[in-house]
Amino acid sequence: MDSKTLFAKTPPLKLFFIASIPGAVSMLASALYQLFDGIFVGQFLGGTPFAALNLAMPFVIINFALADLIGVGSSVPISICLGRKQDKEANNIFTCACLMIVGAGVVVGGILYAAAPLLIRLMGAEGDFAELAVQYLRVYAISSPVTTIVFAMDNFLRISGMIRGSMMLNIIMSVISAGLEFLFLGILGWGIWAAALATCSGMFIAVALALIPFLRGRATLHFCRPHFHMAMIRQIISCGSPNFLNNIAGRITSILLNAILVRLGGETAVSIYGVLMYVDGFIQPLMYGMCDSLQPAVGYNWGAGKNSRVRQIERCCFTASGVVSLASVVVIALVPSQIASLFMSDADAAAMATAVTALQLFSLTYITRWFSFATQSYMLAIEKPLPASIISVSTALLFPVLLIVLLWPLGLTGIWLNFAGTALLAAVLSLIILIKKRGELMQPDAA
């Protein structure tokens, strides 16, 4: 079934399962690898390398942020152009976006490689702790020109209707990365730099595989002679800004929290925060996989003026996100010690008790996290970047920083409660935005 028939004709509930289940499986594969990454480093290399990985991770994500801005920012207008039968412009945006991502990878990767020692020192790290973090970050920086396009290619495959192909790409990437990391760390005994090398190698192979259908002309999208123009670039930046701002603001918050944690609790506190982020890195991709996999269909139908169909698809997205999020509350609250021990195998009793408390408080986040997440995805898919950006920046930076100040007297407990408080405030903000946008969202279908 071609992408246009899939997006325009398939019943919404059936479309949800066709698109979102592979999307969720795809993200689950990626999330499982991220979990294994943390587990392998914690089990094979120990506490200090695990803390160093978590100290460097915000900068690793920043390395992908600009590529993500272009990839997500181009996906929305591409889908809308296809819905409006503007295939030539859709192909041009696709081609230009790929070139822009490679160029951004060269620039950002070079900057991060050169600045890595300074950035890690500014975090308060010293000695082996700092050196290990620099090693990890620099491997990603060197690989940046090739690896940063991998997530954009995932979006482009889904737009072309290759949903199962996108899923298989992520599974292959995760399996290769996990296998190489086990080989490098568990068998060959290499250092933390090899953990980053394993991931980058998996991404490199995935990029090569993803390019095949586009180069052979088997996809809805294909490469053409690029024509850059300011309207297109502004549109890409506008539509990609919510995700980009979320990445950047979230990393600023992570850097701030890591700096505070280094001073409040040292490596142990940073490691516990890392455990929370790995748990979130497992749950959030499931919600992202379901909502993001439906964005091409939502954008296509929005561009075609089929607004009632857009609302039906989004109801599925909100419901599924809620189910996943609320189930996560139960799981985390029931087995916190087992989760913590996966990453902190050499922790003493006091550190483990702190980690269990942190996870129990952190589980409260998912009571409301799903609502703002689905709302932001909805706003982005229908080309309303301003409200999506407001939710994004508020969730990733403004609310967490506000709560750091308000909860400061509680010490580390205040840090662990920060996440649940942020999710609650973001849900209230999202509800306000949906009420204010109700008139636009409830418009009848175009004639």
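Which residues make the nonpolar surface patch of about 620 Å²?

## Nonpolar surface patch

In this predicted model, the patch is formed by Phe44, Phe182, Leu183, Ile187, Leu188, Trp190 and Trp193. Helix H7, which spans residues 163-187, supplies the largest share of the patch, namely three residues.

Phe182 is one of the patch residues and lies in helix H7. Its relative accessibility is 39%. Phe182 is therefore classed as partly exposed, since that category lies between the limits of 20% and 50% relative accessible area.

## Packing of helices H10 and H13

Helix H10 covers residues 307-334, and helix H13 covers residues 369-381. The two helices pack with their axes 9 Å apart, at an angle of about 150 degrees. Because angles over 145 degrees count as roughly antiparallel, H10 and H13 are assigned to that class.

The handedness of the contact is also defined: H10 passes H13 in a right-handed crossing.

Lys85 is situated in the loop between helix H3 (47-83) and helix H4 (87-122). Although Lys85 is not a glycine, its phi is positive, at about 65 degrees. Most residues other than glycine have a negative phi.

Is the residue Lys85 buried or exposed? Its relative accessibility is 57%, and Lys85 therefore counts as exposed, the cut-off for that class being over 50%.

Definitions and conventions
Residues numbered from 1 in each chain as written. Predicted model: local features only at pLDDT ≥ 70, side-chain atom pairs only at ≥ 80, totals over all residues. Heavy atoms only, no water. Patch = residues over 30% accessible without salt bridge, like charges linked within 9 Å, V, L, I, M, F, W, Y side chains within 5 Å. Areas by Shrake-Rupley, 256 points an atom, 1.4 Å probe, with all protein chains shown as cover. Salt bridge = Lys/Arg side-chain N within 4 Å of Asp/Glu carboxyl O. Helix = DSSP H or I, 4+ residues; strand = E, 2+ residues; numbered from the N terminus. Buried < 20%, exposed > 50% of the residue type's maximum accessible area, 1.4 Å probe, protein only. Axes fitted to C-alpha atoms, helices over the stretch in contact; angles between N-to-C directions. Parallel < 35°, antiparallel > 145°, perpendicular 65-115°, else oblique. Left-handed = near helix turned anticlockwise from the far one by under 90°.
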